[in-house]
Amino acid sequence: MTTATIERVHSQSGRIDAKLVAELYDLKLAKLAEILGESPETLRKDVDRDEAQPGLAKLVHAWNELEGILANDDHIRRWLHHPLPKDGRRPLDLLLGKDGLKQFTRLIGRIATGGFA
Amino acid sequence: MIEDLKATHFAAALQKAPPLPFQATVTRFAWEIHRASITSTVGAARWGGRWHMEGVRALYASLERETGLAELTHKFAPDEPLKPASMVSLIVSLDGVADFAGTPLQNALGVGLRDLIASEADGGYRIPQHLGALAYGHGLDGILVPSAARDGGHNLVIFVANAQRTPFVVVRNFHHRSH
């Protein structure tokens, strides 16, 4: 993981801050809570709670992989919102859909490690 | 999930197809950040793919360089600025492969090209994953498959765990001896 990504998403406690991850992905905190299977109120009150850390770490890792491929944050966010060529699905829709975190991290994992079409 | 009848037919057709020896130089690309693991099967085993299930050590490579690049970049628009990538050539020698890219085996299986390259969103991994699992289960070293990223392109999937001997050599430095 790049230092820049770590600095951007970690709170002073050293844990990953859900609010900062939501900003990275340009998502509302309530939507991120849904993706993580958390209650929005609970996550809002405790943005770096232990229970959310594994899911948040997966999202940070996925972002880091995309940083190794796409030009910058704007390009990553734009790519997340656009339909995939020859596929039609938008990466963000995968993340927001059923089993979203698993589907999304698999997509990014395949792309990053040279998975074929 | 493949229906029982079709699964039985697939298994019988593959059983009848004689494994073919395969020797060629093939190509694989990787993003620069993953250059050190360009021939690793860890990612493939973790995430699965069109022709293999999660847990299987499969190495995908392309018979044409253009196909290899298309496979690496297929999830991005042609005008999307992308970071650097690396390429390797692999000299492959396998004892037995099944040629799913060829019409004889496709006809025997009763499948068409469209069944093998449909997008994942349309459930397009279902048949190839099943066929790949059959070939892997039969102990084949690899399979030749059509590319879903480039029309007319061909790929090789090496089942590393099945290969009885070193399946490929990465081209790095050739040492010429002059006389």
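This is a predicted model: local features need pLDDT of at least 70, side-chain atom pairs count only at pLDDT 80 or more; totals for chains, interfaces and linings use all residues.
**Confidence**

I began with the predictor's own scores, and for the complex I noted an ipTM of 0.91 together with a pTM of 0.93. For chain B I read a mean pLDDT of 95, with 97% of its residues at 70 or more.

**Chain A, overall**

I looked up the secondary structure of chain A and found 8 helices and 0 strands, so that from the N terminus on the elements read α-α-α-α-α-α-α-α. I then checked the radius of gyration, which is 14 Å for chain A and close to the 13 Å that the globule rule gives for 117 residues, so the chain is as compact as a globular protein of that length. Along the principal axes I found that the C-alpha trace of chain A spans about 40 × 30 × 20 Å. When I took the contacts in chain A between residues at least 6 apart in sequence, 48% of them turned out to join residues at least 24 apart.

**Leu36(A)**

I picked out Leu36(A), which lies in helix H3 (residues 29-36) of chain A. Is Leu36(A) buried or exposed? I counted 22 other C-beta atoms within 10 Å of Leu36(A), and because 20 or more are needed for the term, the residue is buried. Leaving aside its neighbours within four places in sequence, I found Leu36(A) in contact with Ala52(A) and Gly55(A). I also looked up the separation of Leu36(A) from Arg78(A), and these two residues are 42 residues apart in sequence and 22 Å apart in space, C-alpha to C-alpha.

**Chain B, overall**

For chain B I found 6 helices and 6 strands, and the order along the sequence is α-β-α-β-α-β-α-α-α-β-β-β. The radius of gyration of chain B is 17 Å, which agrees with the value near 16 Å that a compact globule of 179 residues would have. I noted that the C-alpha atoms of chain B fill a box of roughly 55 × 45 × 30 Å along the principal axes. Of the 179 residues of chain B, 39% count as buried. Among the contacts in chain B between residues at least 6 apart in sequence, I found that 73% join residues at least 24 apart.

**Strand pairing around E3(B)**

I next followed E3(B) through its pairings. With E1(B) the sense is antiparallel, and the pairing extends over 11 bridges; here I noted that Trp31(B) has Ala85(B), in E3(B), as its bridge partner. E3(B) also runs antiparallel to strand E6 (residues 168-170) of chain B, to which 3 bridges join it, and Ile91(B) is bridged to Val169(B) of E6(B). Which strand pairs with E3(B) in the parallel sense? I found that this is strand E4 (residues 142-146) of chain B, over 3 bridges, with Gly142(B) in E4(B) as the bridge partner of Val97(B).

**Nonpolar cores**

The largest nonpolar core has 41 residues, and I noted Ala98(B), Phe100(B) and Ile143(B) among those with the most contacts inside it. Not counting residues up to four places away in sequence, Ala98(B) touches Leu14(B), Ala17(B), Pro19(B), Leu105(B), Ala135(B), Leu140(B) and Ile143(B). Apart from that core I found another, of 34 residues, among them Ile16(A), Leu27(A), Trp63(A) and Ile111(A).

**Contact between the chains**

Finally I turned to the contact between the two chains, which takes 21 residues from chain A and 28 residues from chain B. Which helix gives the largest share of the side of chain A that touches chain B? I found that this is helix H8 (residues 100-112) of chain A, from which 5 residues come. By residue type, I noted that the side of chain A that touches chain B divides into 9 nonpolar, 7 polar and 5 charged residues.

Note on methods. Residues are numbered from 1 along each chain as its sequence is written. Chains are lettered from A and ligands numbered from 1 in the order in which they are written. Two residues are in contact if their C-beta atoms, placed from the backbone, lie within 7 Å. Helices (H or I, at least four residues) and strands (E, at least two) are DSSP runs, numbered from the N terminus. Ala, Val, Leu, Ile, Met, Phe, Trp, Tyr, Cys and Pro count as nonpolar, Asp, Glu, Lys and Arg as charged, and the others, Gly among them, as polar. The radius of gyration is taken over C-alpha atoms; the globule rule is 2.2 Å times the number of residues to the power 0.38. pLDDT is the predictor's confidence in each residue, from 0 to 100. A residue is buried if 20 or more other C-beta atoms lie within 10 Å of its own, exposed if 12 or fewer, and partly exposed in between; C-beta atoms are placed from the backbone. Two strands pair if DSSP finds at least two bridges between them. A nonpolar core is a set of buried Ala, Val, Leu, Ile, Met, Phe, Trp, Tyr and Cys residues joined through C-beta atoms within 7 Å.
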